[in-house]
Amino acid sequence: MTENFSVKLEEAKYYTPEVRCREQSWMGNYNKTYQAFLADPDGFWDNVARELEWFQPWSRVKEWDYPYARWFLNGKLNITHNCLDRHAHNQRRNKVALMWRGETEDEERIYTYRQLFQAVCRFANGLKSLGVGKGDRVCIYMPVVPEQVIAMLACARIGAVHSVVFGGFGVNALNQRIRGTNAKVVITADVTYRRGRAIPLKNIVEEAVVNAPSVERIVVLRRDTDKPVELHPEMEVDYYDLVDGESRECPAEPMDAEDPLFILYTSGTTGAPKGIVHACGGYTVGTYYTTKHVFDIRDDDIYWCTADPGWITGHSYGIYGPLLNGATCLIAEATPDYPTPGTWWDLIEEYGVTIFYTAPTAIRMFMRVGEEWPNRYNLSSLRILGSVGEPLNPEAFEWFYHTIGKDRCPIVDTWWQTETGMHMLTTMIGEPMRPGFVGRPIPGVVADVVNRQGKPVPPGTGGLLVIKEPWPSMMRTVWGDDERYRKYWETIPGCYTAADLAVKDEDGYIMVIGRADDLIVVAGHNIGTAEVESALVSHDAVAEAAVIGKPDPLKGNTIKAFVILRDGQQPGEKLKKDLIYHVRMTLGPIAIPSEIDFVQSLPKTRSGKIMRRVLKAQEMGMDPGDISTLEE
Ligand code: WTA
């Protein structure tokens, strides 16, 4: 898509929450806070950082050497000290930190801050005994279980850099990510459960570590502790053996604010996925601040973010942000509609969830099955609703607001990215909400909608969403490929370009329309066209492939593939199934095309680049725009 469009801004329809919401919020008045930030940006962040505990204070808030920023220079801290020790050694020690629910009712585990602290320390000591230390990379490929969280925190505790890979990725995707970081250890589980079935994970790891020579050890968590799992002793160790006898104390490694905290892969528009690198200090400050203010979190909140920790949302708002705020967090392995479409509402009722953060895809799925499902449950504990990952269309907003929030709960639609680490745009609690619009930049962030020259566009005119000033939790680089980092700052002079198309209204509220590049957001997950295409081309029958995103009322987009077969290959249903299976195995189930067309040729530029927008325009019956570079 390009930014050459405009949106007719109808009479603005706002929902205005009770004044009480604003008066009682941590932030208070949005405009006032925003102005205070603009008047003294460094002072603003300095104050936020002071709310956390540092082993050594910073000497300067930031150093901006375009496009590289360093934050809290010379400051020393450990994020887990702030997530755990700060609470476990104080009045929150017996407060519940983490509640985990498996697919069935009888699978439940609860950790207080003291218990979580101890579990993390024991596993951190276990990792040390395997020779893992500061700066080493550890790949975590696990289901949503407490040990997934413990593993992440244990790495951070000792300064190892975690790289979590979502459990829905397949062999090649995992192999690529392990090799990308040269991970020393991979942490996994024997199986994950989905819709009542056990799906093996360890087998995938075994295949994925072939040709990944950096891997020294694989730690395997047994889901069913009564069932032995066959381990290959030269490489594999049992999670429980590893922690057995380890001390419940492990000193937190003092990390420099600019040391890497983790790497998280996200799809790129071309080529291999990008390992986004986040730094210890800025990420801690950014996620702490946004969780506190955007969700207006309180000590008695029961907070549930439905994202898997394998994604950035799970990192920042499933784990780090809420724990930094001493919150009680629910995590669940539960699929939204298994065993019934009431499962999630049941969890909200049972645990008394007060803050519920989820994705538009899930909301639209629930809309489709009907309001009789949520209406069976008591959702009166809910106080604040959140949305992330894709545009929350007005219909979904309305449904979420009325049916789930019962017209009482503010909705925070949060726009941000793996690269930004923290929320960037939203409508702060208490401000009027405009369905279809995420809202304005949060205090601390300078954002705008501009044209290719970097000039702000007038209300209603399409443009690119950009960030104009550095922020603490911004990505520091792309692991092993700094050139790709620079690109983010080079598309539009002086700005970080998010590659999202957007429109502003007269009040500065921003509507995010979708991607300006070849990324496809499917059910809130970013999929790179290049990744799917190369998975298809790696099948023997395929000569060439191009994929596009096709708008879908439920998932936002689905993937459609156009495939040129090699000579002598027979197109047909059988081959379509083979190709889908092949993508499922190599890249993972989240990336499979919903449609495959066999074609004789693909539209290309004279230099040989596939013009996906032409395919897309054809598919949608739209004008393909400028096709002067199209080959014959
Ligand atoms: C999209 C997820 C509209 C957007 C946190 C962005 C959104 C990409 C929203 C980043 C939102 C995220 N409204 N679109 N509230 N939030 N997006 O890296 O296209 O997985 O660029 O981070 O998701 O996806 P990522």
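Biologist: What makes K227 and D224 a salt bridge?

Modeller: This is a predicted model, and in it the closest N and O atoms of K227 and D224 are 3.7 Å apart. The cut-off is a Lys or Arg side-chain nitrogen within 4 Å of an Asp or Glu carboxyl oxygen. A value of 3.7 Å is within 4 Å, so the pair counts.

Biologist: Why is D224 called partly exposed?

Modeller: Its relative accessible area is 28%. Buried means under 20% and exposed means over 50%, so a value of 28% falls in between.

Biologist: And how many salt bridges turn up in the whole structure?

Modeller: The search finds 43. One of them joins K292 to E51, with 2.9 Å between the closest N and O atoms.

Biologist: How do you know that K292 and E51 link distant parts of the chain?

Modeller: They are 241 residues apart. K292 is in helix α10 (residues 280-294), while E51 is in the loop between α3 (41-49) and β1 (60-65).

Biologist: Which are they, K292 and E51: buried or partly exposed?

Modeller: One of each. K292 has 11% relative accessibility, under the 20% limit, so K292 is buried. E51 has 36%, between 20% and 50%, so E51 is partly exposed.

Biologist: What makes K202 and E236 a salt bridge?

Modeller: Their side chains meet at 3.2 Å, N to O, and the limit is 4 Å, so the pair qualifies. This pair also links distant parts of the chain: K202 is in helix α8 (residues 202-208) and E236 in strand β12 (residues 236-238), 34 residues apart.

Biologist: Why is K202 called buried, and why E236?

Modeller: K202 has a relative accessible area of 7% and E236 has 6%. Both values are under 20%, so both residues count as buried.

Biologist: Which residues are linked in a network of salt bridges?

Modeller: K550, K560, E595, D597 and E619. As for the general idea, side chains of opposite charge can pair when their charged atoms come close.

Biologist: Which residues of helix α7 are buried?

Modeller: In α7 (residues 171-181) they are V171, A173, L174, N175, R177, I178 and T181. Just after α7 comes N182, which takes a positive phi of about 50 degrees.

Biologist: What does the UniProt annotation say about residues 86-477?

Modeller: The unreviewed entry labels them "domain: AMP-dependent synthetase/ligase". In the model, that stretch is 30% helix and 23% strand, with its end C-alpha atoms 30 Å apart.

Notes
Residues are numbered from 1 along each chain as its sequence is written. This is a predicted model: local features need pLDDT of at least 70, side-chain atom pairs count only at pLDDT 80 or more; totals for chains, interfaces and linings use all residues. Side-chain values use heavy atoms; hydrogens and water are left out. Helices (H or I, at least four residues) and strands (E, at least two) are DSSP runs, numbered from the N terminus. Buried means under 20% relative accessible area, exposed over 50%, partly exposed in between (1.4 Å probe, protein chains only). UniProt positions are given in the numbering used here, feature names are shortened, and annotations may be inferred rather than shown by experiment.
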